[in-house]
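Colleague: I am new to this structure. Could you show me how to read it, feature by feature?

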Amino acid sequence: MVLFYVQQLINGVSRGAVYALIAVGFALIFSVLKFSNFAHGGLISVAAYAGYYFSTKFDFPPVIAILCTALIGAVMGIILNYIAFYNLQRRNSPNIFYFVSSITCGILFMNILTLMFGTTFYAIKPFFKNNIIKIGNLIILKMDIMILALTFVLLAALMLLINRTKMGLALRMVSIDKDTAMLMGVNSSVVITVTFSIAGALAGISGILLGANFTIDPFLGNMVVKGFIASVIGGLGSLPGAIIGAILLGVMEVIFTVLVGDILSPAIIFVMTLIFLLIRPQGISGHFVTEKA
Amino acid sequence: MNDYIASLIQTTCISLIGVVSIFPLTGMTGLFSFGQAAYMAVGAYVSGILAVKLGMPFWLCLLLGVLSCGLLAIIIGYPTLKLRKDYFSLMSLCLGEAVTAVLNKFGTITGGAAGLSNIPKKSTMPLIIISAVVTVALVALFKNSRFGRMSLAIKADELAAKSFGINVFAHKMKVYIFTSMIAGYAGVLYAFYLTYLDPNLFGWTRSSEWVIFLFFGGVNSLTGSVLSTIILTVLPEILRFASSARIVMYTVLILLVINFKPNGLLGEKELRIPVRKQFRTRTRG
């Protein structure tokens with residue numbers, strides 16, 4: 001019995017790792033531009049299809065396939081910035097426009113994929129020949145370990161970039177005040193483009209890993225909602241918070257799936273998030289974002 | 001063909017009520033809800049179940065359906081409307097998913113994925129058209145009232161609105177409840193028009209479609225929203241687009257509008273009835 005719960009805990013953490021990967025890319029854009037970027041889901045979907053082509057059609061080894069997908073993601077991120085947000089930045093549009101634009105772009109990407117590929121499911125060739133590690137009666141998937149490790153490595157790299165480099169300094173400056181940053185000689189639009197390319201690369205990596213973990217369909221990117229809930233639990237805009245939130249969410253989801261079944265668990269998660277917002281709206285990390293006057 | 005035109009008119013009118021229902025919320029208070037179709041679902045299902053399983057009369061079903069939407073809006077609005085607007089938008093998005101999940105789960109009551117059928121057909125063409133006209137008029141009155149101007153103040157600057165003594169949270173709650181009940185009303189009409197319901201009718205795409213219609217016509221213009229709803233519902237229907245192609249068309253339109261004409265097609269312009277204008281100038285003079 002204890003073993004069963006330990007196994008569920010492991011399953012929960014590994015699901016959380018997937019969410020964490022999404023949440024980090026999501027939180028990055030939020031911390032710089034202060035809006036929830038739902039187009040991230042669209043990028044993930046596009047990247048998943050790209051990943052399918054690289055790893056299964058062209059038969060690249062996993063590492064190279066992941067790198068290629070990250071590159072595609074970065075390019076898509078930059079394109080996204082130009083078609084959806086560039087004009088808004090130039091015009092200093094209110095926050096809500098970014099939000100609408102990002103949701104619209106997400107829907108656009110997913111539906112273009114539907115038109116191109118239909119709603120048939122595709123599967124990426126598994127990365128590992130023998131995916132299972134057995135410890136006693138516990139089952140751990142190599143894929144899950146890889147996703148978890150990759151998430152932490154990417155987070156560490158990102159934190160280093162943000163806190164230790166000149167680029168990161170510029171990025172933090174733009175996140176506080178874009179106009180002042182420009183007065184100080186920081187080219188804001190370049191910084192924002194770079195941020196989008198990083199977020200796009202993250203979306204690319206999560207896309208191919210999600211694709212390998214689940215099956216690919218155009219609406220795979222709707223998982224970004226889970227990334228959002230994770231960042232709400234962790235505190236919007238906080239990168240480490242997003243990861244903690246994601247793992248908590250994953251564990252919670254698996255527990256509720258065991259207790260009440262697969263169909264009802266979105267409703268339970270919704271209610272839990274509502275209660276969480278009521279008790280601690282600033283999230284676990286306590287990073288509170290308020291609307292500027 | 002005549003039947004086809006009649007059904008086109010009725011579905012357009014129902015989605016018109018839906019779009020107009022989010023106008024006070026999104027267009028005037030600046031809150032983006034991506035889950036208003038969930039309220040439509042709740043209204044439709046509550047009234048439909050009451051009619052099918054308990055055999056209640058139409059007016060009672062309608063009343064209870066609309067009231068249950070108001071109740072749900074209070075529950076959802078209380079924790080989220082205090083926070084940043086993003087939280088509200090996102091939770092409304094999740095609400096849609098949660099409602100679909102509940103509808104699928106409790107199949108014994110709701111019919112599950114197979115759907116709920118045998119709802120009596122009570123929504124007639126005149127009822128639907130009159131409802132649409134009345135809703136539009138109601139929202140137009142709302143826009144010109146003191147209450148509506150308070151909404152506009154909150155949209156423009158929440159902090160400033162607060163400093164003028166507007167209770168922002170209470171006001172948002174009222175608007176949210178009001179709009180959710182209208183969406184619920186659209187749902188009731190829909191249920192008694194289709195006589196059949198299934199959870200997929202109220203998915204995420206319908207909610208976002210409403211927001212897209214609103215944005216295309218101009219977030220600040222009720223006339224614009226009404227026009228864009230009519231155009232964007234009828235046009236793809238006549239051109240017989242596949243549903244994905246239709247959504248691609250919508251989204252491209254929206255991106256164009258946001259990038260190049262951020263206030264929508266009509267901007268701030270409204271169609272004014274000349275009689276009222278005269279009346280107003282006389283009272284002022």
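Colleague: What percentage of the residues in chain A do buried residues make up?

Modeller: Keep in mind that this is a predicted model. To judge burial, count the C-beta neighbours around a residue; 20 or more within 10 Å means buried. In chain A, buried residues make up 51% of the 293 residues. In chain B, 49% of the 285 residues count as buried.

Colleague: What is the secondary structure of chain A?

Modeller: Start with the count, then read the order. Chain A has 11 helices and 2 strands. From the N terminus the elements run α-α-α-α-β-β-α-α-α-α-α-α-α.

Colleague: And how many helices and strands are there in chain B?

Modeller: Chain B has 13 helices and 0 strands. Its pattern along the sequence is α-α-α-α-α-α-α-α-α-α-α-α-α.

Colleague: How do I judge the overall build? What is the radius of gyration of chain B, and what would a compact globule have?

Modeller: For 285 residues, a compact globule would have a radius near 19 Å; chain B has 19 Å, so the two agree. The C-alpha trace of chain B spans about 60 × 45 × 40 Å along its principal axes. For chain A, the C-alpha trace spans about 60 × 50 × 35 Å.

Colleague: What about contacts along the sequence? Of the contacts in chain A between residues at least 6 apart, what percentage join residues at least 24 apart?

Modeller: Look at how far apart in sequence the partners sit. In chain A, 77% of those contacts join residues at least 24 apart. In chain B, the figure is 81%.

Colleague: Now the core. Which residues touch the most other members of the largest nonpolar core?

Modeller: A nonpolar core is a linked set of buried nonpolar residues. The largest one here has 180 residues, and A:A20, A:A23, A:V24 and B:A41 touch the most other members. Helix α1 of chain A, residues 2-33, gives the most to this core, with 15 residues.

Colleague: Which residues does B:A41 touch?

Modeller: Leave out residues up to four places away in sequence. B:A41 then touches B:V99, B:L103, B:G187 and B:F202.

Colleague: How many residues of chain B are in contact with chain A?

Modeller: For an interface, count the residues on each side, then ask which elements supply them. Here 36 residues of chain B contact 37 residues of chain A. On the side of chain B, the elements giving two or more residues are α3 (58-80), α4 (85-105), α8 (158-163), α10 (204-217) and α12 (243-260). The largest share, 15 residues, comes from α4(B). By type, the side of chain B that touches chain A divides into 22 nonpolar, 8 polar and 6 charged residues.

Colleague: Why does B:Y78 count as partly exposed?

Modeller: Go back to the neighbour count. B:Y78 has 15 C-beta neighbours inside 10 Å, so it counts as partly exposed. B:Y78 lies in helix α3 of chain B.

Colleague: How do I check a helix? What should helix α9 of chain B span?

Modeller: The 27 residues of α9(B), residues 168-194, should span 39 Å; the end C-alpha atoms are 39 Å apart, which agrees. α9(B) is mostly covered, with 19 of its 27 residues buried. After α9(B) comes B:T195, whose phi is positive, near 65°.

Colleague: What does the check give for helix α10 of chain A?

Modeller: The 22 residues of α10(A), residues 239-260, should span 32 Å; the end C-alpha atoms are 31 Å apart, which agrees. A:G261 follows α10(A), with a positive phi near 100°.

Key:
Residues numbered from 1 in each chain as written. Chains lettered and ligands numbered in written order. Predicted model: local features only at pLDDT ≥ 70, side-chain atom pairs only at ≥ 80, totals over all residues. Core = buried A, V, L, I, M, F, W, Y, C linked by C-beta atoms within 7 Å. Buried ≥ 20, exposed ≤ 12 C-beta atoms within 10 Å, placed from the backbone. Helix = DSSP H or I, 4+ residues; strand = E, 2+ residues; numbered from the N terminus. Contact = placed C-beta atoms within 7 Å. Nonpolar A, V, L, I, M, F, W, Y, C, P; charged D, E, K, R; others polar. Expected span 1.5 Å × (residues − 1). Rg over C-alpha atoms; globule rule 2.2 N^0.38 Å.
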